[in-house]
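Visitor: Could you walk me through this protein chain? I am new to this, so please go slowly.

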Amino acid sequence: MAKLTKKQKEAASKIEKNKLYSLKDASSLLKFVASAKFDESVDIAVKLGVDPRKANQMVRGVVTLPHGTGKDTKVLALVTPDKEAEAKAAGADYVGLDDYLQKIKDGWTDVDVIVTMPAIMGKLGPLGRVLGPRGLMPNPKTGTVTMEIGKAVAEIKAGKIDFKVDKTGIVHAGIGRISFEADKLVDNAHEIIQTLIKMKPTAAKGTYIKSIHLSSTMSPAIALDPKGV
């Protein structure tokens, strides 16, 4: 196990062991313990009482954060010529089709989200080995395969993110930057937690929200009281 730095030890000492914080207190404390010289990302980790190996307990969806992520999400729109203007007007960073398909085939993946049309998905199939592991494959369930290209791009640019429970039953998501006001972090965290609660699979038994932790890139994790969110 790696040794903690002096700053990390100081930060950890400000967090009470075994205490479950309210979302509001945790957001304020996080800003207090973050010590990096850059604008750290703020992340939430929610442990769910589900078995992701079972299809009827898979939790995956999208949520639009009220205050965005604080990150300039780079969007590639793979569209036919008649949709290019719509994609560009909505703020897509890269717009095209065959030229970008070739770039991806050659290993280029310098984007955060890819939006495309149903008719194009057949061309993306062979690129699954490149896009899949990076979480870049468009999916109708997350709104990234659609005919409403402009709307999809605009929503992503405004703070729409997708999430998926991992094999250990945890949903990880970025909810902003440490430079955000504490109230904005609260709003963003609350939005994703409430979205997860609404998505509880009927097959999930027992406690659904088992634990919630808030952390920044370099800070220790702060445990939240699941009953207080």
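Predicted model: local features only at pLDDT ≥ 70, side-chain atom pairs only at ≥ 80, totals over all residues.

Visitor: What else is Ser216 in contact with, leaving aside its neighbours within four places in sequence?

Guide: With those neighbours left aside, Ser216 is in contact with Leu30, Ala34, Glu40, Ser41, Val42 and Ile178.

Visitor: Where is Ser215 found, and is it buried or exposed?

Guide: Ser215 is found in strand β8, and it is buried, with a relative accessible area of 18%. Leaving aside neighbours within four places in sequence, Ser215 is in contact with Leu30, Ser41, Val42, Asp43, Pro220 and Ala221.

Visitor: Changing topic, what is the volume of the largest pocket?

Guide: The largest pocket has a volume of about 810 Å³. Of the 30 residues that line this pocket, the closest to its centre are Asp112, Val113, Gly135, Ile161 and Asp162.

Visitor: Which strand gives the most to that lining?

Guide: Strand β7 gives the most to the lining of the largest pocket, with 6 residues. The strands β2 (60-64), β5 (113-116), β6 (160-164) and β7 (170-177) each supply at least two residues of that lining.

Visitor: How many of the lining residues are nonpolar, polar or charged?

Guide: Sorted by class, the lining of the largest pocket has 11 nonpolar, 11 polar and 8 charged residues.

Visitor: Now to Glu84, where does it lie?

Guide: Glu84 lies in helix α3, which runs over residues 81-90, and Glu84 is partly exposed, with a relative accessible area of 25%. Once its neighbours within four places in sequence are left aside, Glu84 is in contact with Val79, Val95 and Gly96.

Visitor: How far apart are Glu84 and Tyr94?

Guide: Glu84 and Tyr94 are 10 residues apart in sequence, and in space they are 9.7 Å apart from C-alpha to C-alpha.

Visitor: What about the loop between α1 and α2, which residues are found there?

Guide: Among them are Asn18 and Glu16. Asn18 counts as exposed at 82% relative accessibility, whereas Glu16 counts as partly exposed at 48%.

Visitor: What is the phi of Asn18?

Guide: Asn18 has a positive phi of about 65°, although it is not a glycine. As background, most residues other than glycine have a negative phi.

Visitor: And how far is Glu16 from Lys31?

Guide: Glu16 and Lys31 are 15 residues apart in sequence, and their C-alpha atoms are 15 Å apart in space.

Visitor: Last one, which element has the lowest mean pLDDT?

Guide: Among the elements of the chain, helix α1 (residues 6-13) has the lowest mean pLDDT, at 65, while strand β3 (residues 75-78) has the highest, at 98. For the chain, the mean pLDDT is 91, and 95% of its residues reach 70 or more.

Note on methods:
Residues numbered from 1 in each chain as written. Heavy atoms only, no water. pLDDT = per-residue confidence, 0-100. Helix = DSSP H or I, 4+ residues; strand = E, 2+ residues; numbered from the N terminus. 1 Å grid on protein atoms, 1.4 Å probe; cavity = no way out; pocket = protein on both sides within 12 Å on 5 of 7 lines; lining within 4 Å. Points joined across faces, edges and corners; volume = space filled by probe spheres on them. Nonpolar A, V, L, I, M, F, W, Y, C, P; charged D, E, K, R; others polar. Contact = heavy atoms within 4.5 Å. Buried < 20%, exposed > 50% of the residue type's maximum accessible area, 1.4 Å probe, protein only.
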